[in-house]
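Hi,

Here is the structure I promised to pass on. Have a look at it first, and then read on for what turned up.

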Amino acid sequence: MKIILLLLIIAFSFNAFTQESTISGYLTDASSGEVLIGAKVYIPSIKKGTITNNYGFYSLTIPSGVYTVEFRFSGQIEKQKLDLTKDVRFDYEFGQDVQQLEEVVVNAHAEENIKSTKIGQIDLKIAEIKAIPAFMGEVDIIKAIQFLPGVSSAAEGGQGFYVRGGGPDQNLVLLDEATVYNASHLFGFFSVFNSDAVKSVNLIKGGMPANFGGRMSSVLEVNMNEGNKKRFGVKGGLGAISSRLTVEGPLKKDKGSFIVSGRRTYIDLLMKAAIPEDSPFSGTSYFFYDLNLKLNYKLSDKDKIFLSSYYGKDLFSFGNKEDDFDVKMPWGNGIVALRWNHLFSDKLFMNITGTFTDYTFSFISSQDQFSFTMKSGIQDWGGKVDFTYFANPRNKIKYGVQYTHHIFTPISVSAESGETVFDTGVAQKIKSHETAFYVADEIDVTDEFKVNAGLRYSMFHHVGPFTRYIPGAVGQQETIIQYEKGDLIKFYHGLEPRISMRYALKNKASIKASYAYNYQYVHLTSLSAVSLPTDIWYPTTDKVKPQRGWQASIGYFMNFLENKLESSVEFYYKDMRNLIEFKEGVLPGDNVNDNTDNLLTFGKGWSYGSEFFLKKKTGKLTGWVGYTWSKTERLFETLNDGNPFPAKYDRRHDLSIVANYDLNKRWSFGVAFIYATGNTLTLPTSWYVQGQDLLYEYGQRNSTRMAPYHRLDISATLKGKEFKEEKDPDTGELIQVKKKLKSSWVFSVYNVYNRANPYFLYVDNDGDFLSGDFKISVKQVTLFPIIPSVTWNFEF
Amino acid sequence: MMKNIVYIGFMLFAFLFSCTKEVKIDIPGHKEKLVIDGQIETGLPPIVLLSLSRNIYAPTDVNAFLNSFVQGAVVTVSDGNTTVQLDEFCSDNLSPAELDQLASILGIEPALLSTVSICGYTTTNPAVFGAVGKSYTLTVNYQGETYTSTTEIVAPTPLNSIWWKADAPLTHHGFVWANLSDPVNQYDAYQWESRIISIDTLTGAPKDAFFKKTRGPVFDDEFFDGLTFDFFYDNPSGYGESVPDSIRGRYVYGDTVVIKFSKMDAKVYEYLEKKYTQLATGGNPFATPTNIPTNIEGGALGLWAGFSPVYDTVICVP
């Protein structure tokens, strides 16, 4: 704390003896009115600058004077000469006077990676994501970030992503500041983020700032587009298995706008065509759809409001007419975020957010007179107030308070046989309050030394009503404790210090280091070897302690060839406590009439590794190479005889190469390659016979490793002609006229060399002992062979 | 029914995408263990089979199966008052009644069983024949190691009634239904087995040579303690390759079926529940690897189980 106070004093002392002025405002795109996130405002003569926040707002306090101010965004630069002898509010529409000054941009904007304190943090532009070859032509943000070092997928077809050895529940996924609990469609084949509705993506995998919390491993911040404030527009795409459509336009020109974006797959229609009407499985189908909506309105120069929402649903149906067996499995997210930006002054920015998140999963089945329904889900009601105080160019302070009311339904079951209703207990709802206060200060101590220090204090109240089942011995009755509404059952709290530092070296290089301590009050438990929507989110309770842990990292960042190449090497160590797993032998139905946490066991984990990253951001050829060496282990007293075991997503090597080449204005080509050490799993080591059956004894947990995963994807994009020839009505001459309809064809091939990557392995037996044809073998299941696809995108 | 969640997920993938091939990978960790398969039923002598677990890649031919049974152990059963050492026997030297009992345990036709030599342990001493309400302790000494287990033969709960019902729109094929009143405020676990005793016109012998279990033959009263309700089971012999899909698992009109409805203690149920789960979900990525929790102490695999069966006969007519 003393160090933080000292740094504050140093930072505030900057403006003690000089006459100062503040320039502040919003940066927007001149053609659409969309705010620009991460744009740079820079004054070359005094080498001072700042970056716009997630709402496009900037504030820069400097010695009074007349300056040429540069606005830089996405490889372009614009300049304005401004009198800054007094405080100035300057909202700027970027794109009015564009100069393609790549060299300048390379020298200034591209140095952000070595100048900022950000470590373990990657901003991906949506254009970069769209340049990566996409599975079945469907651009996917989650899949794109899995090409980054330190980030991996569970497996082909697995839900979620894993960051630096953390579980998929340890990633805070935010869509316009609202939490997304399950960011996947179709068991992870597609993410819930429609790329047409997304403006920017920011991944924080280390050195998490204090304004983020509640998760231990990473933050994936996804910001939606706001919609065109200038004119109405439509864009969309027709693909092999899905199509999408986006409509946007002004609510009132330059004041407010809307965007509506929807997607739907038609796998169900393809399946309907493929399965004959008289087939016993003719009721089998699957589809998903999702819808994004965002409205924003500028109430005054100081006030803006935003309403963002997402609704998506997956529905799998399975029917077997012969057995009169019918199953429906719907699941999905509903998310709403309402935000209000207010400027108290040119230095003090406030954002108030109210959020609602609803995730549900259901399983409804019937056979003959039997019926069975299972539901689980989460509802979050949240609110937060965030302040940013731009004290001076050397000092930016963030502080705020965040609150979430969680309502978890880990499982709710009902079952009937004719008139008889089975006793499946009451639906377990677990209610809790999660609160956090934070303060973070970003300080330039010297030109070389920069610090972002913060402190977060989080609290968690597990409250009634709640039914606690205390199990008896096998076959014996349990004891039941009933808590009433509002009863405080358990209280947890803790301090979470965060710090990240940068020391600039000569030759466009810097050394960065970070430390972050985190508490996490929600958990994800899985019975399966792969992640599924059936995985159960479970909160901290009187029995389940919050996950907690720390991560330290250090990195060397350097740019080459006049900043055309960015590179970094990072080393990290992560320690995790109070992790949960199901006890050995637990079955899906065991948590009916019971608390799920009675089936859990608790342990710890650790992960360490190194990440190498080389990126080329400019020129005809762009892309990156990432390599990660890592080791991730878990230790649970009651699992694996109390010995450490590798996490199922422990990967020693992970290599990814992404490249995009713009051949000319119309043709561009993309290539992506990934190589990863195979996932671990638990297989039987022995067989034996008991009764009439051959049974297996399983070995040490995750002691078997699958074959390595590798894959090459390619794509080619052909843009339609931008201009057409028309006769000038006055002169009769042929002139070039810009087309209203922009279109492109994307041809892609997934898994070019048809690698049979392992999805999972299992031990199979076939035949009969006594007839001599009995055989035990290990089988590998592969999901995707080579898959070509074509997508047509359009915009007008 | 809950297990259907994982089955359905598996089916989705199998149906939509997957292709499968055999691979050879290193699976470390095999340790040879003694497997004890013992049971005692009301009015019958205990039967205990001993074998050894094998490496997952070990040969699986007939000789490997026969050689997996071990001899030379000292096996005793005690009812708390009397302790009896069991005698070694081999399947090619058994009485017809003993052969039938062993056939039911192993699932091998008695005629075939009498031609091979599978050895185990039993006794003719009626002091340790199964009796309701008694607990029986099994002790096995093998190669210097001692393994023990205790099981109870709990009081049976007979079915109120059983009947056959055609599975509409079928008229000549259906399931066997039963009505059960579960005793209130006590733990109860059940096992359902069936045997079609109608004579097969081709062989002149009963259609089923011994009692057979279908998928998921055990259940406990966690969800219906004290309730009276109907339930049905399919025909475990009705899944042969020659049986058309439309009538698979159904009993045929006119057949005479004997139902063996047994009860067991909680630890036996726990073992059998996990066992049938492993059989149903083995290889399914959506299920956790299930090691079966033996009720035997000392490091062996397997089960020592007491059952208290009651028998009912149903003729498959409406």
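Let's start with A:Tyr688: its bridge partner in E45(A) is A:Leu695. Before going further, please keep in mind that this is a predicted model. Strand E44 of chain A, residues 684-690, is joined to E45(A) by six bridges, and the two run antiparallel. The sheet they belong to takes in both chains: it is open, has three strands, and its order is E45(A)-E44(A)-E4(B), with antiparallel pairing. At its edges you'll find strand E45 (693-698) of chain A and strand E4 (54-55) of chain B, each of which pairs on one side only.

A helix from chain B comes in here too. Helix H5 (residues 266-281) of chain B packs on the sheet, where it touches E44 and E45 of chain A, and its direction makes about 95° with that of E45(A).

Strand E9 (residues 135-142) and strand E10 (residues 145-152) of chain B pair in the antiparallel sense over eight bridges. B:Asn141 has B:Thr146 as its bridge partner in E10(B). Two residues sit between the strands of this hairpin, and B:Gln143 takes a positive phi near 50° there.

Now for the rings. Over all chains, the count comes to 59 aromatic pairs. Take A:Phe613 and A:Trp624: their ring centres are 6.3 Å apart and their planes are at 55°, so this pair counts as tilted. A:Phe613 is in strand E38 (residues 600-616) of chain A and A:Trp624 is in strand E39 (residues 621-636) of chain A, so the pair ties together parts that are 11 residues apart in sequence. Are these two buried or exposed? A:Phe613 is buried at 13% relative accessibility, and A:Trp624 is buried at 4%.

A second pair to look at is A:Tyr759 with A:Phe760. Their ring centres are 5.4 Å apart and the planes are at 70°, so this pair is edge-to-face. Both ends are buried: A:Tyr759 has a relative accessibility of 2%, and A:Phe760 has a relative accessible area of 6%.

Over in chain B, ring pairs link B:Tyr190, B:Trp192, B:Phe219, B:Phe224, B:Phe229, B:Phe231, B:Tyr233 and B:Phe261 into a cluster. Two lysines of chain B also lie over ring faces. B:Lys165 is over the face of B:Trp177, 4.5 Å from the ring centre, and B:Lys212 is over the face of B:Phe210, 5.6 Å from the ring centre.

Leaving out residues up to four places away in sequence, A:Ile62 touches A:Gln19, A:Glu20, A:Ser21, A:Ile43, A:Ile46, A:Lys48, A:Tyr67, A:Leu84 and A:Pro393.

Last, some backbone details in the loops:

- The peptide bond from A:Gly464 to A:Pro465 is cis, with omega near 5°. A:Pro465 is in the loop between strand E29 (449-463) and strand E30 (466-470) of chain A.
- B:Ala168 and B:Pro169 are also joined by a cis peptide bond, with omega about 10°. B:Pro169 is in the loop between strand E11 (161-166) and strand E12 (173-181) of chain B.
- A:Asn640 has a positive phi of about 55° although it is not a glycine, and A:Asp641 also has a positive phi of about 55° without being a glycine. A:Asn640 lies in the loop between E39 and strand E40 (645-646) of chain A, and A:Asp641 is in the loop between E39 and E40 too. A:Asn640 is buried, with a relative accessible area of 6%, whereas A:Asp641 is exposed at 66%.

Cheers

Definitions and conventions. Residues numbered from 1 in each chain as written. Chains lettered and ligands numbered in written order. Predicted model: local features only at pLDDT ≥ 70, side-chain atom pairs only at ≥ 80, totals over all residues. Heavy atoms only, no water. Phe/Tyr/Trp six-rings, centres within 6.5 Å; stacked < 30°, edge-to-face > 60°. Helix = DSSP H or I, 4+ residues; strand = E, 2+ residues; numbered from the N terminus. Buried < 20%, exposed > 50% of the residue type's maximum accessible area, 1.4 Å probe, protein only. Lys NZ or Arg CZ within 6 Å of the ring centre and 35° of its normal. Pairing = 2+ DSSP bridges. Contact = heavy atoms within 4.5 Å. Axes fitted to C-alpha atoms, helices over the stretch in contact; angles between N-to-C directions.
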